[in-house]
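Have the model open and follow along.

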Amino acid sequence: ERYKIDFLVYIKALLCSVAADIISTVEFNSTGELLATGDKGGRVVVFQREQESKNQPHRRGEYNVYSTFQSHEPEFDYLKSLEIEEKINKIRWLPQQNAAYFLLSTNDKTVKLWKISERDKRPEGYNLKDEDGRIRDPTTITALRVPVLRPMDLMVEATPRRVFSNAHTYHINSISVNSDYETFMSTDDLRINLWNLEITNRSFNIVDIKPVNMEELTEVITAAEFHPYQCNTFVYSSSKGSIRLCDMRASALCDNHSKFFEEPEDPSNRSFFSEIISSISDVKFSHSGRYLMTRDYLTVKVWDLNMESKPLETYQVHDYLRSKLCSLYENDCIFDKFECVWNGSDSVIMTGSYNNFFRMFDRNTKRDVTLEASRENSKPRAILKPRKVCVGGKRRKDEISVDSLDFSKKILHTAWHPSENIIAVAATNNLYIFQDKVN
Amino acid sequence: MEYKVEAHRIMSISLGKIYNSRVQRGGIKLHKNLLVSLVLRSARQVYLSDYYSGACLNAQSEREGNEWDITDSEREKFPPSATECDRVESTEEPQPNEQPEKEREYRENDDEVKSDQVDCTSTLQEQNQNSSLDSVAKVSSETPPESITEPKESPSDSAVAERDSTPEANGESHQPPKPYVCSNRKRSAEESESGDSPQKRTKVASSNAKEDEEAEEMDTSNVSNLITIFGSSFSGLLSKESAKPEAEAEDSGQICCDQMLKNLNPWSTAIVAF
């Protein structure tokens, strides 16, 4: 039985796209016009939203493939005898400043700045070479002409404009563009580096938590992000479940935090796996810059930047897994890194789960919904039905029991359009785009 | 004991993960290996402390008979007081002040507390098993006065703690968190309640008196140190396991462990270099 939720009355499936490889990151650009996905094979696929057309009103706002390019290739570090995976860990768009689009994409070691631009004209009528490009014999030229631009089929080109490499000993897990539009930071397990977008041969280390003696390591950095409009402020999360807010004006090396967010552990929930499930897998500022959202294995938490002692809100994503942590440890699922996103108005948060389920929480009404991204349930224009996991006792029809969940179908990456109710959900190698129903 | 089976299983799984991470594409994932090593450490502590306590309890009950009845029942009521290994014995400091610190240390994987516990049990296993049990029993018999008096010193505190299900309520009730932490781990691994863990905890504490010197020699408890410990004592663990009915588990565990032993030291070197 369907039920309505205030913020999103119906959800309509718009597009199902199959990627050749497992999708590893999804990101809308700042206007929502473009949607980029990165995959395990190092490829980036960019979708563009169709312009609304009076002729075909029912096709409003569908996303079609705009550009595809190979961002990263597998590399080999000869010094350490290690292969460097080409998997794209993160994509972040730069704000648009001219006709071209720019994005940063990163694998474990190298960040690249890509320029995506359109070409729909080409020059014709050169003097020194003919239409095929072959050089003309100058003695055969009897008259001069001015080359002219003629229209051609639209071509979208992606070119690498900058390569930021050799700055990370450990695996890069995050990149974040600063609101000053001049700098960005890249984060690995132990260090955070600050770059200028124009300069590739230098970066500044702003956080370093590597202990002098590696044997004393107890904590790693799991994610980091710049404040949406305070260009001196950023946060980073740790594997111990804490978040540190740093101010770059305080000192060059931001090892000392300005604020420290951590919730005391509940001793009644202690188990072998307490440390693993408290590790934060994603941290995101709200659009307002007032709140922080963190994701650990079982919950999503919203923090008020002004309150460090405990989160403002805690949402249970799939608490029924708490009793299954040992099995999830065995099959490695407990190490899955789920991401979380805000909607444009910061009133709803979304995150993924298993069995191709993803969850939305309305912060105002405190209502939540579980939806499924699967081919069977989402024909184009179909309406998504809320799903329910049965935790015990009698299983109702349409409910699914915990033991029937498919843990190989995990939704780790989701994205929300910056201003509209359009969401992108990556389910292994399928991309789903859902939109509010339009009357 | 079921705790041991579960803890041993988790240890084997963890070692397998560490081993596999070396051959994974993309190199060693520092974050994942750190988490696995934390689980490994926790499981090992539970496994060793349980085993040791159980063995001592059996040996002691043969000798002491009724003399221990009171102590046992008291220990059931006051588990926290004898949880700390060397400190509780060596000093008669007020318990409430110690416990929160230890609780924090325990949770933060601090050197002293954990390595002490680990050390005393690991070095114990390196010795001949029978003689070690005997020596432990003797040590235990020597220290009963302390063990008994400590619970009596702060009966109100511990009693409060026993009834209080939320240990963080006040300073006085800080005693229970540590054993509650330990026993909760076992419970969650077991998914069942058990009330005999406090008795075993006491035995661990009483035997540690003689392990103090050795404890201080060990390095900070950490990933590679844990591996070093494993490298030397894991064979000891395996030989004890031979008495267990679960042959299959130990076989695969043994193969796994043998492989581990060959690879652990190079890995620890790798992670330091890493």
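Start in chain A, at Val44(A). Phe69(A), in β5(A), stands opposite Val44(A). This is a predicted model. Now look at the strands themselves. β4 of chain A covers residues 43-49, and β4 pairs with β5(A) in the antiparallel sense over 7 bridges.

Step back to the whole sheet. The sheet is open and has 4 strands, in the order β2-β3-β4-β5 of chain A, with antiparallel pairing. Its edges are β2 (23-28) and β5 (63-70) of chain A, each of which pairs on one side only. On average, neighbouring strands here are turned by 20° against each other, direction ignored.

Next, go to helix α1 of chain A, residues 274-278, where Ile277(A) is found. Is Ile277(A) buried or exposed? Ile277(A) counts as buried because its relative accessibility is 11%, and the cut-off for buried is under 20%. Its contacts beyond four places in sequence include Tyr297(A), Leu325(A) and Ile334(A).

In soluble globular proteins, nonpolar side chains tend to be buried together. The largest nonpolar core here has 39 residues, and Phe273(A), Tyr297(A), Tyr329(A) and Ile334(A) touch the most other members. Elements giving two or more residues to this core come from chains A and B: α1 and α2 (325-330) of chain A, with α1 (2-23) and α2 (30-64) of chain B. α2(B) gives the most, with 9 residues.

Phe273(A) has contacts in both chains, including Tyr329(A), Ile10(B) and Val39(B). A second, separate core has 16 residues, among them Ala373(A) and Phe434(A).

Notes: Residues are numbered from 1 along each chain as its sequence is written. Chains are lettered from A and ligands numbered from 1 in the order in which they are written. This is a predicted model: local features need pLDDT of at least 70, side-chain atom pairs count only at pLDDT 80 or more; totals for chains, interfaces and linings use all residues. Side-chain values use heavy atoms; hydrogens and water are left out. Two strands pair if DSSP finds at least two bridges between them. Axes are lines fitted to C-alpha atoms, for helices over the stretch in contact, and angles run from 0 to 180 degrees between N-to-C directions. Buried means under 20% relative accessible area, exposed over 50%, partly exposed in between (1.4 Å probe, protein chains only). Contact means heavy atoms within 4.5 Å. A nonpolar core is a set of buried Ala, Val, Leu, Ile, Met, Phe, Trp, Tyr and Cys residues joined through side-chain atoms within 4.5 Å.
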